Amino acid sequence: MYDNEMALSFRAVSANESFARISVAAFAVQLDPAVSEITEIKTAVSEAVTNSIIHAYDDSDGFVHLWCGIKENKLYIKISDDGKGIKDIHMAMEPLFTTKPEQERSGLGFTIMQSFMDEIDVKSEFGKGTLVSMSKTISPQSGR
Amino acid sequence: MSVEFKVINSSLIVNINSEIDHHFVDETKKLIDKKASESGVKNIVFNFENVDFMDSAGIGMIIGRYKFTTQKGGITSVACLSENLKRIMMISGLYRIIKIYNSVEEASRAV
């Protein structure tokens, strides 16, 4: 059981990237995170949401789903879509791997999520969608 | 304006006043290339003084402009990075090919 939870769904368009990361940051404030922790969370959310927006639906319409939970001093985030899925998750998570080099994608999204969050898990079913689950323990302010 | 341009000698200075994500980059990269071509510069300096957020889309944007300036025999450099942006530059390995300066003046003097 979580101490608190929130959920949002929004259309998979790039204008919602900032909406998503700001929403998570606003929710996470109740854990009293440091500015650097907020930036890390925002960056990881931005990467996951951008992946869904760029890759999940190609040119058709779809939604991205965002869920956050708090238990004690840990933030849990799930970002999912109902899009085409990832064929090979291991390859997708390799640094610099991208299916869209012509669009100047860096292939560093998962690398950044791994660097900025404590845990990350990716589940994907081809043709059904992708779920990225991440968590991060927020250190108590008194320790800083 | 979220992006403003200035030409100093052979460099296009790109002043960004926005968070840098995929949405921003898709709207801005063509504009940067257009300005760089029109002004005939061979170098690009990104001024990140007013940028407090950047994700990996920014890395793609910088690498794309690096390719552009390399073709013209010039360089792409970045100035005024916050700690967060420095960290993204380190994680990506971009610091190995893109020089980081403390100010636009320093960056434009170096070319």
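How many residues of S1(A) are buried? Select S1(A), strand S1 (4–11) of chain A. Of its eight residues, the number buried is zero, so S1(A) lies largely in the open. Buried means that 20 or more other C-beta atoms lie within 10 Å of a residue's own; exposed means 12 or fewer, partly exposed in between, with C-beta atoms placed from the backbone. Strands (E, at least two residues) and helices (H or I, at least four) are DSSP runs, numbered from the N terminus.

Before moving on, note that this is a predicted model: local features need pLDDT of at least 70, side-chain atom pairs count only at pLDDT 80 or more, and totals for chains, interfaces and linings use all residues. Residues are numbered from 1 along each chain as its sequence is written, while chains are lettered from A and ligands numbered from 1 in the order in which they are written.

**Stop 1: the sheet**

Show the strands of chain A. Five of them form an open, antiparallel sheet in the order S1-S2-S3-S5-S4. Two strands pair if DSSP finds at least two bridges between them. S1(A) and strand S4 (119–125) of chain A are the edge strands, each pairing on one side only. From one strand to the next, the twist averages 10 degrees.

Now pick out pairs. S1(A) and S2(A) are antiparallel, joined over eight bridges. Click Met6(A): opposite it in S2(A) stands Cys68(A). Next, select S3 (residues 74–81) and S5 (residues 129–137) of chain A, which pair over eight bridges in the antiparallel sense. Lys74(A) has Thr137(A) as its bridge partner in S5(A).

**Stop 2: two helices on the sheet**

Select helix H1 (residues 16–28) of chain A. H1(A) packs on the sheet and touches S1, S2 and S3 of chain A. Its direction makes about 175 degrees with that of S1(A). Angles run from 0 to 180 degrees between N-to-C directions, and axes are lines fitted to C-alpha atoms, for helices over the stretch in contact. Contact means that the C-beta atoms of two residues, placed from the backbone, lie within 7 Å.

How do the two helices meet? H1(A) and H2(A) pack at an angle of about 145 degrees, with their axes 8 Å apart. Residues in this contact include Ala20(A) and Val24(A) of H1(A) and Val45(A) and Val49(A) of H2(A).

**Stop 3: the core**

Colour the nonpolar core: buried Ala, Val, Leu, Ile, Met, Phe, Trp, Tyr and Cys residues joined through C-beta atoms within 7 Å. The largest has 57 residues; Ala44(A), Val45(A) and Phe46(B) touch the most other members. H2(A) gives the largest share, eight residues. Centre on Ala44(A). Beyond its neighbours within four places in sequence, its contacts include Ile112(A), Phe116(A) and Met134(A).

Then select helix H4 (residues 109–116) of chain A: six of its eight residues are buried. Among them are Phe110(A) and Met113(A). The buried residues of H4(A) pack against elements of both chains, including H2 and S5 of chain A and H3 of chain B.

**Stop 4: across to chain B**

Show both chains. Their contact takes 19 residues from chain A and 18 residues from chain B. Helices H1 (22–39), H2 (56–71) and H3 (83–92) of chain B each supply at least two residues of chain B's side. H2(B) gives the largest share, seven residues.
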